[in-house]
Amino acid sequence: MRGPSAAGISQSAMAFKRDLLKNLLRGLRARAEACSFDAMSIQERKCAVKRSADEAMAAARDAAAGGGRARWPKAILAAAASSGIPGTCKARRGRCKRVVRRCAGARRMRRGFCAAAGSSAVAAATSSDVARRLVRRRTMALRKVIPGGDAAMDEAALLREAMDYVVHLRAQVDVLRRVSADVQRSAFHRDPAQSMGES
């Protein structure tokens, strides 16, 4: 059995990018109507664009082929629907909590390591135990990164979900780069003297 042709993949990727761009522009307009971008700080603008891009990507993926079995678009759209206010951003608070958790986890690990090293009663772990623990730890980290990854699913389904998410993130980056280049180009054509720093 053969997989999809390269032309079919290319056409579906282009259709996805078109839908993503359309949804992104729609989301940015809605955020601008809710709260003017001029009234926002740079961090708030960055968060608004990021949330619009994520929601646009999830909506485009969910619409493509009926959404398929991917869980991450539904998780992003559910989080966006529950947040209510389109201009708010909770990224800074979440990042701080992650840093605190990471530091506390590292401290616990160091304490555990020192206690285990000092105790002669602790048996040496086999390499398969170490490998299992490493796989479990990385699987838990992957579950935290993928939207909707905390839902109960086996490792194979989690890896499929992660691959799908990464492919669509790459498409999102392509669209955002193209939009950024177009905005810079239009700003240059609008007023070339100002964009070159000449007054």
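Trainee: Which handedness does the crossing of helix 5 and helix 6 have?
Mentor: Keep in mind that this is a predicted model. Helix 5 covers residues 127–145 and helix 6 covers residues 155–190, with axes 11 Å apart. Where helix 5 passes helix 6, the crossing is left-handed.

Trainee: And how do helix 5 and helix 6 lie to each other: parallel, perpendicular or oblique?
Mentor: Their packing angle is about 45 degrees. Roughly parallel would need an angle under 35 degrees, and roughly perpendicular runs from 65 to 115. So helix 5 and helix 6 come out as oblique.

Trainee: How many residues of the contact of helix 5 with helix 6 are nonpolar?
Mentor: Helix 5 brings Thr139, Leu142, Arg143 and Val145, while helix 6 brings Glu155, Leu158, Leu159, Ala162 and Tyr165. Of these, 1 is polar and 2 are charged. The nonpolar count is 6.

Trainee: On to helix 2 and helix 3: at what angle do they pack?
Mentor: Look at residues 42–63 for helix 2 and 72–83 for helix 3, whose axes are 8 Å apart. The crossing is left-handed. As for the angle, it's about 130 degrees.

Trainee: How many charged residues are in the contact of helix 2 with helix 3?
Mentor: The helix 2 side includes Arg51, Asp54, Glu55 and Arg61, and the helix 3 side includes Trp72, Lys74 and Leu77. The contact has 8 nonpolar residues and 1 polar one. The charged ones number 6.

Trainee: Now the salt bridges: which residue pairs with Asp164, and how far apart are the two in sequence?
Mentor: The search finds 8 salt bridges in the whole structure. In one of them, Asp164 meets Arg61 at 3.0 Å, N to O. Asp164 is in helix 6 and Arg61 in helix 2, so the bridge ties together parts of the chain. The partner is Arg61, 103 residues away.

Trainee: Is Arg61 buried or exposed?
Mentor: The cut-off for buried is under 20% relative accessible area. Asp164, at 17%, counts as buried. With 12%, Arg61 is also buried.

Trainee: What about Lys17 and Asp174: which one is partly exposed?
Mentor: These two form a salt bridge, with the closest N and O atoms 3.1 Å apart. They link helix 1 with helix 6, 157 residues apart. Lys17 is at 16%, which means buried. At 29%, the partly exposed one is Asp174.

Methods: Residues numbered from 1 in each chain as written. Predicted model: local features only at pLDDT ≥ 70, side-chain atom pairs only at ≥ 80, totals over all residues. Heavy atoms only, no water. Axes fitted to C-alpha atoms, helices over the stretch in contact; angles between N-to-C directions. Helix = DSSP H or I, 4+ residues; strand = E, 2+ residues; numbered from the N terminus. Left-handed = near helix turned anticlockwise from the far one by under 90°. Contact = heavy atoms within 4.5 Å. Nonpolar A, V, L, I, M, F, W, Y, C, P; charged D, E, K, R; others polar. Parallel < 35°, antiparallel > 145°, perpendicular 65-115°, else oblique. Salt bridge = Lys/Arg side-chain N within 4 Å of Asp/Glu carboxyl O. Buried < 20%, exposed > 50% of the residue type's maximum accessible area, 1.4 Å probe, protein only.
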